[in-house]
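The sequence and the model come first.

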Amino acid sequence: MLEKVNRILRHSGLPALKDSSDYYFLGEGAWHAAYRAVLSEGDYVIRIPKPVAYDRMVEYHEESLLAEYDGAEWYYRTANRAVKGICPEFYHYHVSRELTYTIESYMGETLNLSAATKQQMYTTGFS
């Protein structure tokens with residue numbers, strides 16, 4: 001996987017990782033696996049489409065991927081105009097049969113809202 005992560009980083013204009021200790025698996029959703037790359041320039045999240053989703057092989061549909069990824073780019077840009085830094089400042093994607101991915105600035109640890117108290121949720125809402 002290090003080779004693929006480095007291919008994505010170089011393709012995005014970022015430097016390659018020195019070794020596998022500079023990235024790790026974050027988790028996966030239905031459609032993508034996510035990795036965190038730790039670079040001197042900052043940390044990035046790389047999302048790579050999974051070959052199987054919902055127990056079915058995922059077919060390559062360029063138009064669908066472009067719509068999804070371009071929609072995310074538009075949303076991040078618009079949201080950051082409204083509230084600077086609310087979404088990743090860096091977002092890049094590429095769609096091809098050989099290499100499809102998204103890469104964006106790492107925004108920090110996720111919040112476990114289901115485990116938060118009412119006061120913690122209130123405080124978070126005002127941060």
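## The β6–β7 hairpin

With six residues between them, β6 and β7 form a hairpin. The model is a predicted one. The two strands pair in the antiparallel sense over four bridges. Y93 has T102 in β7 as its bridge partner, and the bridge partner of H94 in β7 is Y101.

T100 is placed in the loop between β6 and β7. Is T100 buried or exposed? Its relative accessible area is 11%, so T100 counts as buried, the limit being under 20%. The side chain of T100 reaches the backbone oxygen of S96 at 2.7 Å. Not counting residues up to four places away in sequence, T100 touches I48, P49, Y60, L65, Y69, H94 and V95.

## The sheet

Strands of a sheet pair through backbone hydrogen bonds, in either the parallel or the antiparallel sense.

β7 also pairs with β3 in the antiparallel sense, over four bridges. In that pairing, V45 stands opposite E104 of β7. How many of the residues of β7 are buried? Five of its five residues are, and the strand is mostly covered.

## Nonpolar cores

The largest nonpolar core has 16 residues, and those with the most contacts inside it are L9, L17, I46 and I103. Which elements give two or more residues to this core? They are α1 (2-11), β2 (32-39), β3 (42-49) and β7 (101-105). The most comes from β2, which gives four residues. Apart from this core lies another, of eight residues, including L65, Y91, Y93 and V95.

Two residues show the surroundings in detail. With neighbours within four places in sequence left aside, I46 is in contact with V5, I8, L9, A33, A34, Y35, A37, T102 and I103. I8, found in helix α1, has a relative accessible area of 0% and is therefore buried.

A search of the whole structure finds eight aromatic pairs. A pair of aromatic rings is described by the distance of the centres and the angle of the planes. For Y69 and Y93, the ring centres are 5.8 Å apart and the planes stand at 55 degrees, so this pair is tilted. Because Y69 lies in helix α2 and Y93 in strand β6, the pair ties together parts that are 24 residues apart in sequence. Y69 and Y93 are both buried.

Why is the pair of Y76 and Y91 classed as edge-to-face? The planes of the two rings are at 85 degrees, with centres 5.2 Å apart, and the class applies because planes over 60 degrees apart count as edge-to-face. Y76 lies in helix α2 and Y91 in strand β6, so this pair ties together parts that are 15 residues apart in sequence. Both Y76 and Y91 are buried. One aromatic cluster is formed by Y69, Y75, Y76, Y91 and Y93.

Key. Residues are numbered from 1 along each chain as its sequence is written. This is a predicted model: local features need pLDDT of at least 70, side-chain atom pairs count only at pLDDT 80 or more; totals for chains, interfaces and linings use all residues. Side-chain values use heavy atoms; hydrogens and water are left out. A nonpolar core is a set of buried Ala, Val, Leu, Ile, Met, Phe, Trp, Tyr and Cys residues joined through side-chain atoms within 4.5 Å. Buried means under 20% relative accessible area, exposed over 50%, partly exposed in between (1.4 Å probe, protein chains only). Contact means heavy atoms within 4.5 Å. Two strands pair if DSSP finds at least two bridges between them. A polar contact is a pair of N or O atoms within 3.5 Å; within protein, one must be able to donate a hydrogen and the other to accept it, and residues adjacent in sequence count only if both atoms are side-chain atoms. Rings of Phe, Tyr and Trp (its six-membered ring) pair if their centres lie within 6.5 Å; planes under 30 degrees apart count as stacked, over 60 as edge-to-face and the rest as tilted.
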